[in-house]
Amino acid sequence: MFTSISTLVASALILSSTTLAAPAPNAHGPHANSTSSYSSYSPCKSVHVSTTAVPSYNNKAVTTTTSPAAPTPTAPSTSPNGLTLYQQLVLAPNAVERTKLLSKDEDFLYDFKTATTGIAKGEGGSVVRADHATFPALVGSGGAVAIGFLGPCGFNTPHVHPRAAELNLVVQGHLVSQSIHENGNRVINHNLSQWQMTVFPQGAVHTEFNPDCTDSVFIASFPSEDPGVGQIAQEYFGLSNEIVKGSAGGELTIDGANIDAYRSKIPDNVAKGVDSCLIKCGIKKRSAAYNINAIMEGRDVTSE
């Protein structure tokens, strides 16, 4: 009798092991996603060599090459099930399944020097952003990072992050920062040296400016994978002429054509300013076309 029971138990275990070793195909499982994709990131294909102009630390544009040894991968647009890599990572039931979708160790590495996406560039330098759109390994992490490379007198124009606070750490040079958190609050000013940090609360208007004739580098970290950014001048003058005129105050007369002219003259979000620094460093000042007072007075600044 005992031999018969042992035989039955052994047979059941063998049958159970066979069933577990060969699960039914799952269209949403990690193997089905092995050819997953993302519109600007590819853990599955070799990286092609490309060149891009990136501002150097001396505020001059240089051409860099994306090296296969330190890639910022690109990927096919969709997987066989029609989902992008980002969509698959969001839908993955846990971190283990997300890791399976990022099948290479390099998928967890982001190189800010060779990045080709998430870059805001202007005359004053550049800001390179790693969020869940540019670096899919951040999906589920709850964080993002940006590095700002500001040349002499480089100026990250006033902006907000609508979905996250910012911790701003200076790692090279100096940084002058200003922020105002909401109506009724005072303006908070800082002159930050290397290894000093400040915080900008979520939604607070703030700006960073390199006051020196040498380069400045800062790291901005966010408790959100998608902190977002909104440049104040661009967004404000993006509103209709009637709204801009009305919000500027009743005594100030602004012609609609002048508002349109000013819109076209707003510099990139990483600009060259402030005038005192430009004079100190011997950098040519901005043209009169950037003089908002002249534009608001109705003068034809395009010929000045």
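# Close-ups of a predicted model

**View 1. E225 and the residues around it.** Leaving aside residues up to four places away in sequence, E225 touches D131, H132, L138, V139, G140, S141, G142, G143 and A144 (contact: heavy atoms within 4.5 Å). What you're looking at is a predicted model, in which local features need pLDDT of at least 70, side-chain atom pairs count only at pLDDT 80 or more, and totals for chains, interfaces and linings use all residues. Residues are numbered from 1 along each chain as its sequence is written, and side-chain values use heavy atoms, with hydrogens and water left out. E225 itself sits in the loop between β12 (216-222) and β13 (230-231); helices (H or I, at least four residues) and strands (E, at least two) are DSSP runs, numbered from the N terminus.

**View 2. What does the side chain of E225 reach at 2.8 Å?** That would be the backbone nitrogen of G140. The E225 side chain also has a polar contact of 3.0 Å with the side chain of H132. (A polar contact is a pair of N or O atoms within 3.5 Å; within protein, one must be able to donate a hydrogen and the other to accept it, and residues adjacent in sequence count only if both atoms are side-chain atoms.) E225 is buried and has no salt bridge, and the nearest side chain of opposite charge belongs to R98, 7.5 Å away. Here buried means under 20% relative accessible area, exposed over 50%, and partly exposed in between (1.4 Å probe, protein chains only). For charge, Lys and Arg are positive and Asp and Glu negative, while His and the chain ends aren't counted.

View 3. Look for D107 in the loop between α3 and β3 (119-122). A polar atom of the D107 side chain lies 3.3 Å from the backbone nitrogen of S103.

**View 4. K100 and E97 pair up in a salt bridge.** A salt bridge is a side-chain nitrogen of Lys or Arg within 4 Å of a carboxyl oxygen of Asp or Glu, and the structure holds three of them. In this one, the closest N and O atoms of K100 and E97 are 3.3 Å apart. The two residues are three apart in helix α3 (residues 95-101), so about one helical turn separates them. K100 is partly exposed, at 44% relative accessibility, while E97 counts as buried at 18%.

**View 5. R129 meets D131.** This salt bridge joins the two side chains at 2.5 Å, N to O. R129 counts as partly exposed, with 34% relative accessibility, and D131 is buried at 4%. D131 is also one of the residues that E225 touches.

**View 6. R163 and D226 link two loops.** Their side chains form a salt bridge at 3.4 Å, N to O. R163 lies in the loop between β6 (154-160) and β7 (166-172), and D226 in the loop between β12 and β13, so this pair ties together parts that are 63 residues apart in sequence. Both ends are partly exposed: R163 has 44% relative accessibility and D226 has 30%.

View 7. L167 belongs to strand β7 and is partly exposed, with a relative accessible area of 36%.

**View 8. C153 has a positive phi.** Its phi is about 65 degrees, although C153 isn't a glycine. C153 sits in the loop between β5 (144-150) and β6. Is C153 buried or exposed? At 0% relative accessibility, C153 counts as buried.

**View 9. W195 has a positive phi too.** Here phi is about 75 degrees, and W195 isn't a glycine either. You'll find W195 in the loop between β9 (188-192) and β10 (197-200). W195 is exposed, with a relative accessible area of 58%.

**View 10. Zooming out to the whole protein.** There are eight helices and 14 strands, and 38% of the 304 residues are buried. Of the contacts between residues at least 6 apart in sequence, 71% join residues at least 24 apart.
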